[in-house]
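Hi,

Here is the structure I promised to hand over. Have a look at it first, then read my notes below.

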Amino acid sequence: MRIDRTHKGWLIASLAILGVSLLLYAFYRVPAAAGSMGGTALGLAFGSAGFAFMIFAALLGARKRVPVYRFGRAQTWMRGHLWLGLLSLPLILFHSGFRYGHGLTAWLMTLLIVVVASGLFGAALQHYMPRVMTREVTMETIYEEIGHVRAQLLEEAEELIQQATGGEKKASAEGSEPDSPGPAIAVSDETAPLRNFYQQELKPFLEKPAARGSALGDAAQARSAFTQLRTLVPASLHTTIEDLEGICEEERQLTLQSHLHMWLHGWLLLHIPLSLALILLGAMHAVMALRY
Amino acid sequence: MLFEELKDMQWQPDGTPVAAEDLLRLPVFKDISPQFLKKNANATVWRHFKRGEIVCREGEFGSTAFYILEGKASVALASPIAHVKAQGRPEGFLARLTSKLTSRLAARQDDRREDEMDRRSIPIDAPVDLAYDHPVAELAAGELFGEMTCMNYYPRSATVRAETDCTMLEMLRNVLDVLQKSKVFRAQLDETYRRRALDSHLRDVTIFRGLQQDFIDHLRDRVELMRFAPGQSICKQGDPADSFYLVRLGFVKVSENYPGGELVLAYLSRGDYFGEIGLLGGGTRTADCSALDHVEVVRISAEDFRAMVEKYPEVRAGLQRSARERQEANQERLQMVRSVPLENFLAQGLMEAQSLLVLDLSKCTRCDACVTACADSHDGVTRLVREGLRFENFLVATSCRQCRDPLCMVGCPVGAIRRRNSLEVIIEDWCIGCGLCAKNCPYGNINMHSFTAQAQAPAHEVKHEGDREHAEQKKAVVQKKATTCDLCTDHAEPSCVYACPHDAAHRVEPRDFFAGTLGQRVGKSGKARK
């Protein structure tokens, strides 16, 4: 989600909650600096509020699973997730009196910091990456369709090569005099650089675009390779080369899209399990603390 | 037996080509060149059907027409006469919170939609129309069906079943094309049309319902049946208005020229009419009308038209109202085109849209929550694909955009897809689920929604009491109906927008949205230049 001026309300509310909490903490905590904060009424209030915010933040996942249920707009939940999730860290710090603790509380604090940090990292990625993807991947397709599009590109390239080299041979054969000294062979040889290029460079790249070492994976190197190829084949094949260059460009864009997509959503692989662990351990901590 | 000539004819087995000599003995082939028939010996074959046997099914693609030589056949629609209705507004607070939109089939008496057609009959590719309430009719010897399929390769519009043992000629396009040029054959088809279909055709137009039988009888022999080849002009903008037309077969393209290109106002199919605006207004044509494919129209002369509107003031009032609505809708479209000279958008057909789903790609994380929500809202069938045309950082997602050239309307074998006055697409109850509109839509915005439905046993089947073969027809079958984005009208906000967690999906009125967005940019750049 883009963090823009539409977040102003949430920002002000969050700062207000933070300010009030800070004042309360300073007012009650400083005179009793030596004692434990978590067990006091205010400490429990901070802990409860912080945990409630965490639970609310975690419920976003559940909300997304029932997208059509009219439980409030998903973007409101997302904004709440971002701001209340972020607020849970200072509230828990107030709850703990800025002590790291040991045992379960230490684990909890570590988890909370990692979860909030990964969330901030994710929020930053989701703030910037959509714009990067929009700018850099002009031929974007639906992520799940990438494999299919790649197969199509390979097929298309194969067809272009067939048409170019097969057509050339046929034209040569038709145009040749029966008793002339083998012009068909001579002309068809002119397509050899194209065929070789396809077999040795282009096809392996289209089959495994993520493999390192292919010159076609880099736009500048690819341009140079295609320029060189143009000098080796007749002008009639230049259109084919242009099409193949276009296919390469699309393939690179798909690779870039995959990478960006991984960045956009990959961090969730860390954030979600740790958040669930945090909620679980937080609940255990609450039960143990209240009971014992 | 209709044809005396058939009495001593040696009938050949099913699928055997009909010999040219045999064809020439039939009156309708009398003035066809024997050389042509010999050269196209395999283009017409004998077909024999036992009682109850299916001749062709609705929705199937084909390339042939059938001419009944002997016996009777019934023509019917097996698809439920209903449209896809999404509903999700249960009573009670809690129920509303958890409500999903569920799709069901609803007939127009249960769910009346805005601008829904009030037709009493369904146009099909046969000399008869089917009644909306009871879509079954009978075809007899001497009748031709499947013309549209044969000439234009459209799907079959109805299911034809042999009511008695039948013998038919099945012919390919080259034969039908020549036949249609035959005076004898044309005369027979025209006579059948005047006798069987003109009444229902005229009365099917709501405005003409008040016509009395004597006036229709008067018109019956006066109307002219005209044919037009694909691309042929029927009338031109600015020409004197001298006729009123009813479309009998094929599709008529109605368009206007304006700076920047041609604007298609409508595709008219069987049962639609045109020409009234010119006749009622200034006496000149206001739009170009041309045949999109093989078109046949019923031409009513200006003289008869005037007599009609003078004799029936309610018809005049109805036509004037309809003409006014059409003109207003056209003006609205033209205004939209003129007021926002954005060539890119015109080219992409966006500005004319009534409502668009746009995704702000600078916010969209490509999580597909919108698509999932759409599918969840509509029984797992999404009406939205997160792909489409881009403009700067906006992606116009694939959802119906009511575009300038509504290609989806071309070829519907039963004329079930059309525009409302508000220009939005509406799919009428008699959609047979052939999928042609979904295939034709260049943006993939029409989806086929499957339903398990109890196949309706038409009345003609019920009368065969105890007939096991017929009794078995009444069983659960999967039927398809075309659907477009319904904007989740039962909810305050479309599900796709409601479910977007990133504030990236928006339903917008395109003119305001894009003009506003561009206007702001122009303003900013203007200030920067100063």
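First, a term: helices (H or I, at least four residues) and strands (E, at least two) are DSSP runs, numbered from the N terminus. With that in hand, chain A reads α-α-α-α-α-α-α-α-α-α from its N terminus, that is, 10 helices and zero strands.

Some housekeeping: this is a predicted model, where local features need pLDDT of at least 70, side-chain atom pairs count only at pLDDT 80 or more, and totals for chains, interfaces and linings use all residues. Residues are numbered from 1 along each chain as its sequence is written, while chains are lettered from A and ligands numbered from 1 in the order in which they are written.

Back to chain A: 26% of its 292 residues count as buried (20 or more other C-beta atoms within 10 Å of a residue's own, with C-beta atoms placed from the backbone; 12 or fewer is exposed, in between is partly exposed).

Now for chain B. Seven of the seven residues of strand E15(B) (243-249) are buried, so the rest of the structure largely encloses this strand. Strands pair if DSSP finds at least two bridges between them. E15(B) pairs antiparallel with E20(B) (residues 295-301) over six bridges, and with E18(B) (residues 273-274) over two bridges. B:Leu246 has B:Val298 as its bridge partner in E20(B) and stands opposite B:Tyr273 in E18(B).

There's also an open, antiparallel sheet of four strands in chain B, ordered E1-E12-E3-E10. Its edge strands, E1 (44-49) and E10 (144-145) of chain B, each pair on one side only. Two bridges join E3(B) (residues 65-70) to E10(B), with B:Tyr67 opposite B:Leu144.

Cheers
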